[in-house]
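Colleague: Before we use this model, I would like to go through the terms attached to it and see what each of them rests on.

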Amino acid sequence: MQVHQILQSKLVPGVATVMPDTTVAQAAAELAARRIGSLVVSGETGAVEGILSERDIVREIGRQGPGVLGQPVEGIMTREVQTCALTDSAHEVLSRMTEGRFRHMPVIDKGRLVALVSIGDVVKARLSELSMEKDALEGMIMGF
């Protein structure tokens, strides 16, 4: 299964983004309102400049205290963002997420941000794929 197939079954299409000068408090409010785990940080050009997750916010509150909430997200975002393409396999994306210990990956097509895939999306796709393989093997064994 490829990323473009995973995105077809995604309940919420599109990507939630914030500008680099958005405050951490505003970003946290956006995460809460949308009930999501991360935001892509993107400037005027629309290029991916970073990604901000719930974990980034909690980690920085733990380090700096609540004063971090008034700072811009560009100060605490993850700058080295791993991305994937629409044609990448679910297995490859899941491996990269697991190795890198992150849960969200922007999807880039022709240099543009087109979606965000979560580890939950990828796990769901892999489980569906494995179930279909199991059913096919059972059918072959039983002679169907």
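Modeller: D88 is found in the loop between α3 and α4, where helices (H or I, at least four residues) and strands (E, at least two) are DSSP runs numbered from the N terminus. This is a predicted model, in which local features need pLDDT of at least 70 and side-chain atom pairs count only at pLDDT 80 or more, while totals for chains, interfaces and linings use all residues. Residues are numbered from 1 along each chain as its sequence is written, and side-chain values use heavy atoms, with hydrogens and water left out.

Colleague: Why is D88 called buried?

Modeller: Buried means under 20% relative accessible area, exposed over 50%, and partly exposed in between, with a 1.4 Å probe and protein chains only. The relative accessible area of D88 is 14%, so D88 counts as buried.

Colleague: What does D88 touch, not counting residues up to four places away in sequence?

Modeller: With contact taken as heavy atoms within 4.5 Å, D88 touches M1, Q2, V3, V93 and R96.

Colleague: What does the side chain of D88 reach at 2.9 Å?

Modeller: The side chain of D88 reaches the backbone nitrogen of A85 at that distance, 2.9 Å. A polar contact is a pair of N or O atoms within 3.5 Å; within protein, one must be able to donate a hydrogen and the other to accept it, and residues adjacent in sequence count only if both atoms are side-chain atoms.

Colleague: What makes the buried residues of α3 line one face of the helix?

Modeller: In α3, residues 54-64, the buried residues are D56, I57 and E60. Seen down the axis of α3, they fall within an arc of 95 degrees, so they line one face of the helix; the arc is that of the directions from the helix axis to the C-beta atoms. In general, an α-helix has 3.6 residues a turn, so residues three or four places apart point the same way. The face of α3 turned away from its buried side carries the exposed residues V58 and G62, while what covers the buried residues includes α2 (24-34) and β3 (48-53).

Colleague: Why is one side of β1 and of β3 left without a neighbour in the sheet?

Modeller: The open sheet has 3 strands in the order β1-β2-β3, with mixed pairing. β1 (17-18) and β3 stand at the edges, each with a single partner strand, so one side of each has no neighbour in the sheet. Two strands pair if DSSP finds at least two bridges between them, and 5 bridges join β2 (residues 38-42) to β3 in the antiparallel sense.
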